[in-house]
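Work through the exercises below with the coordinates open. Try each task before reading its solution.

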Number of protein chains: 2
Amino acid sequence: MIQFAEQIRRRGETIGLVPTMGALHEGHLSLIRAARRQTDTVVVSIFVNPLQFGVREDFARYPRNLSRDLALAKREGADVVFAPSREEMYPRGACAIVEVEGLSDQLEGALRPGHFRGVATVVAKLFNIVQPTIAYFGQKDYQQAVIIKRMVEDLHWPVRIDVLPTVRESDGLAMSSRNVYLSTVERRQAVALSQALKAAHEAIRGGERRAQALRRRMQAVMRQQALIRVQQIGIVDAATLTPVAQLKGRAAILVAAFVGTTRLIDNLLVDVT
Amino acid sequence: MIQFAEQIRRRGETIGLVPTMGALHEGHLSLIRAARRQTDTVVVSIFVNPLQFGVREDFARYPRNLSRDLALAKREGADVVFAPSREEMYPRGACAIVEVEGLSDQLEGALRPGHFRGVATVVAKLFNIVQPTIAYFGQKDYQQAVIIKRMVEDLHWPVRIDVLPTVRESDGLAMSSRNVYLSTVERRQAVALSQALKAAHEAIRGGERRAQALRRRMQAVMRQQALIRVQQIGIVDAATLTPVAQLKGRAAILVAAFVGTTRLIDNLLVDVT
């Protein structure tokens, strides 16, 4: 992969990287399509990264379907699917890590210790191997996108990071590889995450600026679904991820909730003048 | 610098990087000469990296002499001296770090907490900016070289690391930018570090394999100099840096000592069958 990437870069051509954990859905495909439009060679990486899963999380049962993913990536015009083994990515207990301090222990990072260190480390490896000109991430994992952007900026990686809008099911549920875990009734209730964000958005349009009031409104929406247990509602400055009491400028509203035993996340960016 | 590096890589040419903190001496120059022989474009970086200095260490008084360094680098055939400002390397409190866990808190790392995290982070930045084909390090900073090699391997950086032998003064003292701190009498006594290593080497040739016996012999040599205070003698596996009680295979013997108020280090690699 390194040699292939170097050949391309030597020709003065661009590489687009879409890093994924497989189980591709429309969200991933929208990233592949953007890469296809903007770069000469499109690489989709598929690697279920053990380092970003907590010990009680779903690493073992995370959906894996390489042949289906290959067909989808091919259909969207990807040139290469890079699907390394665990041993190739983490040879004999690799111990070098990349961490974006500060940004990584807030919000999602507080709930999933070590998660973003795992993400930053694997993305660093992928950047070194694939040498992308542009790497594509989804806004659904908003904190991840902020952290990767910061990593690239701070460590001067010669990569551009493009963050694309969350792709949603017709009822509003954010696309996620984990949606397959949901039972029929859970799937129906799961829409409450995006509905809660929509309710917050409407309140903001109506003039609401107090984070606490927005949080209460979101909780009210999700509380109507018996199978939902809200884990976190973060209302933060969009760049620094610092909690705000009063919306001002660009803010991010992030929600994490269990639907049955499945943990889902979603978020909304708002510009408040 | 990134654009310049990309132009060179696009021509299919190689870049040699000699990362330094300036105050160039014969050790650095031997690295520049190796880069000159082996690569198309030679980049010498000069940056006194604040992140690798402890709060009570010599960051403020570390020797700086850019015009002299530029002349020396030019004389040895360097094509570029890359001497960024602190603000360029660490923009607005950059918080992304690289760390090689395990290897970084042993030996020197135990005495200088955070030192190797600072080293790994700045070298990662330099690799991303300069995009070297080969990067050159001196064996004098042996633990640093092991950590950088491990960082490159674990994070799959497309860089070759060459570690070149320590260059010494005629009496055996390892070249170091910090040697300028020594008074005349300290300078005379400082040779005891390399003499202690030489004594250990002779003992090993004579059949000695016990780390404790070697350590005692080295201490006896250094104790003869009133201005020397031994801080650490490490006798370790050369690859893992794990202490060994009995020499076997490839081992490293590392010494750190204060000569007056100046901290110096030196080391010896031995192959024992």
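## How the copies meet

The copies meet through the same surface, because 100% of the interface residues of chain A are also interface residues in chain B. This is a predicted model: local features need pLDDT of at least 70, side-chain atom pairs count only at pLDDT 80 or more, and totals for chains, interfaces and linings use all residues. Residues are numbered from 1 along each chain as its sequence is written, while chains are lettered from A and ligands numbered from 1 in the order in which they are written.

**Exercise 1.** Find the symmetry that relates chain A to chain B.

Solution. Start with the general rule: two copies of a chain are related by a rotation about an axis and a shift along it. Next, superpose by least squares on the C-alpha atoms of residues with pLDDT of at least 70 in both copies.

**Exercise 2.** Describe the side of chain A that touches chain B.

Solution. Count residues in contact, meaning that their C-beta atoms, placed from the backbone, lie within 7 Å. The contact takes 25 residues from chain A and 25 residues from chain B. Then assign elements: helices (H or I, at least four residues) and strands (E, at least two) are DSSP runs, numbered from the N terminus. Helix 1 (2–10), strand 4 (96–100), helix 6 (115–130) and helix 7 (142–154) of chain A each give two or more residues. Strand 4 of chain A supplies the largest share, 5 residues.

**Exercise 3.** Which strand of chain B is joined to strand 4 of chain A, and how do the two run?

Solution. Strands pair if DSSP finds at least two bridges between them. Here 5 bridges join strand 4 of chain A to strand 4 (residues 96–100) of chain B, and the two run antiparallel. A:Glu99 has B:Ile97.

Now test burial. A residue is buried if 20 or more other C-beta atoms lie within 10 Å of its own, exposed if 12 or fewer, and partly exposed in between, with C-beta atoms placed from the backbone. Strand 4 of chain B is largely enclosed by the rest of the structure, because 5 of its 5 residues are buried. Both faces are covered: B:Ala96, B:Val98 and B:Val100 lie on one side, B:Ile97 and B:Glu99 on the other.

## Inside a chain

**Exercise 4.** Trace the open sheet of chain B.

Solution. Its 5 strands follow the order 3-2-1-5-6, with parallel pairing. Strand 3 (80–82) and strand 6 (160–164) of chain B are the edges, each pairing on one side only. Within the sheet, 2 bridges join strand 1 (residues 15–20) of chain B to strand 5 (residues 134–138) of chain B. B:Leu17 stands opposite B:Ala135 in strand 5 of chain B.

**Exercise 5.** Summarise the architecture of chain A.

Solution. Chain A has 10 helices and 9 strands. Its C-alpha trace spans about 55 × 40 × 35 Å along the principal axes. Buried residues make up 44% of its 273 residues.

Definitions and conventions: Two residues are in contact if their C-beta atoms, placed from the backbone, lie within 7 Å.
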